[in-house]
Amino acid sequence: MELRFGIVGGAIGAFIGDVHRHGALMDDMAVLKCGCFSRNPEKNLATGRKWHIYDENRIYKDYREMAESESKREDGIQFVAITTPNVSHYEIAKCFMEHGIHVMCDKPLAFNLEQGIELEKIAKERNMLFGLTYTYTAYAVIRQAREMIKHGEIGDILHVVTEYPQDWLISAVNSDSSDQAMWRLDPEIAGESLCTADIGTHLEQLIVQMTGLEIKRVLARFDTYPRDLPLETNTTIMLDFGDQITGTLWASQIAIGYECGVKIRVFGTKGSLEWCHEAPGILKYTKVNQPTQIMSANRDYMYPESQRISRIPAGHPEGYFEAFGNLYHAFCEHLMARLEEREPETYTYPTVEDGVKGLRFVKACVESNRNGNVWVEVQDEDDN
């Protein structure tokens, strides 16, 4: 069985759209049938042709027309990939779910928490699948780490340290770049947070998916450079997971010398785990009073849940595209099982519920910074 899907956004020249496309197509579980890729008619048509949509009637001028038309076709799409800027996620996702089409969306879930909560409600009421592409959660060794923590191999967790330094923004400012990602600096498009929402939420979900912990309280400090920008470009956050488990999160888009320096370290009573995106197939494991072990993806000693999503032999690097492929594979597995009225064997991907958690996290961090860097609860209900 092959699923039929479409893409909204991500035209030629936009990085993330093509990443979604590759991820969805990687395991021959889905076929791209339609899209609305750009408001520019020429670019929209050129993208559809390049991506082998031979029926140009299915290269739509806007997403509403696409949802309406595809929902009426016998061979219409079964899910849509949303790859547009933050401000439009809510309206597009809502439209497709209301037309009975499942959703895979780039993070964050929505422009603000209120929109995210409504999307979660619609998905539950209509029994729709809704996935989010928090990329770093889908590396094979992250699944290995999760299984090790679940089986008690590092004991009780004491402290978690995460970081995500980048230098793209300060590099763009110094070169007077007009990079397409500069829309992220506009609060009308990006929302009330830049760095925390854009990459800090990647770390929040990495913690959730790797450790099973959920953040209860935050104390956040935002910094901005250039100083006249309306949103933060550097964020430092203290984390409280409850039960005397603590952590720190640092994310920066002005860290010169770093491109994509995602790192997580988890310290327990019996050992520790460390993963760095710059060596994505390696997990460092240290038992108390023992030398550090280097664990490689897809070796026989890895847990089956980790081996299951490893694609090539150990020692061969798997990376960003493959992580997207793992997310889409799990989403497609789940959707196929739903359509065939059976239970899937196994699947793991961030959902709309995880997206709402991310929006709650951002809201709490913004409030903490605004009120003078104080502790703020990451509320699960009765959000104001």
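The model is predicted. The protein contains 12 helices and 14 strands. Its radius of gyration is 21 Å, which agrees with the value near 21 Å for a compact globule of 384 residues. Along the principal axes, the C-alpha atoms fill a box of roughly 65 × 50 × 45 Å. Of the 384 residues, 56% count as buried. Contacts between residues at least 6 apart in sequence were also examined; 69% of these join residues at least 24 apart.

The accessible surface comes to about 17,200 Å². Carbon and sulfur atoms account for 47% of this surface. Charged side chains number 39 positive and 58 negative. The centres of the two sets lie 1 Å apart.

Helix α1 spans residues 15-25. Its buried residues are Ile-16, Gly-17, Val-19, His-20, Arg-21, Gly-23 and Ala-24. These residues pack against four strands, β1 (3-8), β2 (30-36), β3 (79-82) and β4 (102-105). They also pack against one helix, α11 (320-339).

Val-208 lies in helix α9, which covers residues 195-211. The relative accessible area of Val-208 is 12%, so the residue counts as buried, the cut-off being under 20%. Beyond its neighbours within four places in sequence, Val-208 is in contact with Leu-213 and Asp-354. Thr-137 is 71 residues from Val-208 along the chain. The C-alpha atoms of Val-208 and Thr-137 are separated by 8.9 Å.

How values were computed: Residues are numbered from 1 along each chain as its sequence is written. This is a predicted model: local features need pLDDT of at least 70, side-chain atom pairs count only at pLDDT 80 or more; totals for chains, interfaces and linings use all residues. Side-chain values use heavy atoms; hydrogens and water are left out. Helices (H or I, at least four residues) and strands (E, at least two) are DSSP runs, numbered from the N terminus. Buried means under 20% relative accessible area, exposed over 50%, partly exposed in between (1.4 Å probe, protein chains only). Contact means heavy atoms within 4.5 Å. The radius of gyration is taken over C-alpha atoms; the globule rule is 2.2 Å times the number of residues to the power 0.38. Accessible areas come from the Shrake-Rupley method with a 1.4 Å probe; for residues, only the protein chains shown count as cover. Lys and Arg count as positive and Asp and Glu as negative; His and the chain ends are not counted. The place of a charge is taken as NZ of Lys, CZ of Arg, CG of Asp or CD of Glu.
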